[in-house]
Amino acid sequence: MSSEHRDRVPIDAQSVDAPLSRFAVFLVVSAAEGDDALATVREVVSGVDDLLKTVGFRDLGSHLSCVVGIGRRLWDRLVPGIRPVELEVFPTVRGDVHTAPSTPGDLLFHIRAERVDLCFELERLILDALGSAVRVEDETQGFRYFDVRDLLGFVDGTANPIGDELQASAIIGDDDPAFAGGSYVVVQKYVHDLPEWGSLTVEEQETVIGRTKLENIELDDSVENQKAHKTLTTINDDNGDELDILRDNMPFGTPGSGEMGTYFIGYSARLWVTMKMIDNMFIGDPPGFYDKILDVSRAATGGTFFVPSNGVLHGLDDPDALVESLRALREDASSDAPSPMGDDAGEESKGDG
Ligand code: HEM
C-alpha cells in the first residue's frame with residue numbers, strides 16, 4: 001500500500017473497543033428510497049462526529065461514544081462498485097427447533113455512555129437530523145445489570161479478547177487492505193422466558209452456559225454430544241488457534257410489558273467467525289444438538305453491518321473520491337500479492353443483495 005493512498009483513507013477505527021458502559025442504545029433504521037434520502041444519510045453519517053462532540057463534550061467523564069454500521073444494501077447505494085469482502089445481508093439461520101430471523105435495517109447506531117441522558121440526547125439529535133430519510137426498525141435501551149450479568153444471572157463477556165488480541169479479533173487488517181480499520185458487527189435481540197429459565201436448577205443452568213453461576217468458573221461439557229453455549233461459540237482456525245469476537249451484550253427490558261432479554265452485539269474482523277457461532281447455536285454441533293440457551297431465548301431480530309474506519313466514514317460525503325481511493329488501495333494490495341488472480345472478491349458488486 002503506498003503512503004499516498006494510506007493518507008487519503010486513514011485507517012483509524014471507530015470506537016469499536018469503547019470500554020463497557022453503564023448504558024447503551026442500539027438503534028437500527030432503514031433508509032428511504034430516492035436520492036434525497038440518500039443525500040441526507042450521507043451527510044448525517046459522515047458528520048456524526050460533530051453530533052457526538054456536541055453531546056459528549058458536556059460531560060467528558062461519561063465517555064459517550066457512537067459506532068455507526070452500514071448494511072449491505074445501503075452500502076451498495078452509498079459506495080457503488082466496491083464493498084468489504086465479507087459484507088452480506090444477515091441470513092435466516094434455520095435449525096430443527098429454533099430460527100434466527102433476518103430483520104430489516106440499513107444503519108446501526110451503537111451508542112454507549114455512563115449516563116443514560118447522554119445516550120438519549122445523541123440518539124434524539126441523530127434521528128432529528130435523519131428525519132424522514134429513515135424509518136426506525138428497532139430501538140433498544142440496554143443497561144448494565146449487577147456485576148456484568150445478563151438477565152439469566154450469568155456474568156457475560158468474560159472471554160472477550162483484550163489488548164492486541166482485541167484488535168486482531170475485531171478490527172480488519174491486511175486481509176482486506178481497502179477496508180482496514182473497519183469491522184463487521186452482528187446484532188440479535190434475544191427475548192428471554194425467565195419463568196422457564198427459573199424452573200431449571202442452578203446446576204442445569206450452569207450446564208447450558210458452561211460456567212458456574214456464582215463464581216463464573218469454566219466447566220467441562222458433561223453430556224455426550226450436547227455442548228454448552230461457551231463451547232458452541234468457541235471457533236478455531238485450521239491451526240487450532242481460537243478465533244474470538246468482541247461482545248458488548250446488554251440486558252434490556254420493561255417488566256411491565258413482560259418483554260426482557262439480552263441484546264447481543266458482536267464485532268469481528270471476520271464475519272464468518274460470528275456466523276459460524278450462530279450456525280453452531282441454531283443448527284447444532286453436531287447438527288441437532290443446538291444451544292439450549294435458545295429454549296429460553298427467542299431471537300427477535302438479526303442484522304449484519306459493516307463498521308467503516310473513521311476515514312471511510314468521513315469520506316462518504318464525497319463518494320467518487322472515496323471509491324477511487326478504495327479501488328486504488330485494493331489494486332495496490334493485489335499487485336503486491338504473489339498471484340494477481342482471485343483477490344478481487346467483494347469488488348464490482350452489481351445488482352445483488
Ligand atoms: C460466552 C451469554 C448469545 C458468543 C457467553 C457467556 C455467557 C453468554 C453468560 C459466558 C461468559 C463469557 O465468556 O462471556 C449469552 C446470552 C446470549 C448469548 C445470554 C443470548 C441469549 C451469543 C451469541 C454469540 C455468542 C449470539 C455469537 C454469535 C459467545 C462467545 C462466548 C460466549 C464467543 C465466549 C466463549 C468462550 O468461552 O470462548 N455468552 N450469549 N453469545 N458467548 Fe454468548
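Predicted model: local features only at pLDDT ≥ 70, side-chain atom pairs only at ≥ 80, totals over all residues.
Residues are numbered from 1 along each chain as its sequence is written, and side-chain values use heavy atoms, without hydrogens and water. Local features need pLDDT of at least 70 and side-chain atom pairs count only at pLDDT 80 or more, while totals for chains, interfaces and linings use all residues.

**The pocket**

The largest pocket holds about 690 Å³ of space. A pocket here is an open set of points on a 1 Å grid where a 1.4 Å probe fits, with protein on both sides within 12 Å along at least five of seven lines. Its volume is the space filled by probe spheres set on the points. Lining residues have an atom within 4 Å of a point. There are 33 of them, and Asp156, His229, Lys230, Thr233 and Arg247 lie nearest the centre. Elements giving two or more residues to this lining include β7 (183-192), α9 (229-232) and β12 (259-268). The largest share, 4 residues, comes from α10.

| Class in the pocket lining | Residues |
|---|---|
| Nonpolar | 13 residues |
| Polar | 12 residues |

Helix α2 (residues 35-46) packs against helix α5 (residues 116-130) at about 150°, with the axes 9 Å apart. The two are therefore roughly antiparallel (angles over 145 degrees). Thr40, Val41 and Val44 of α2 make the contact with Ile126, Ala129 and Leu130 of α5 (heavy atoms within 4.5 Å). These contact residues comprise 5 nonpolar, 1 polar and no charged.

How values were computed:
Nonpolar A, V, L, I, M, F, W, Y, C, P; charged D, E, K, R; others polar. Axes fitted to C-alpha atoms, helices over the stretch in contact; angles between N-to-C directions. Parallel < 35°, antiparallel > 145°, perpendicular 65-115°, else oblique.
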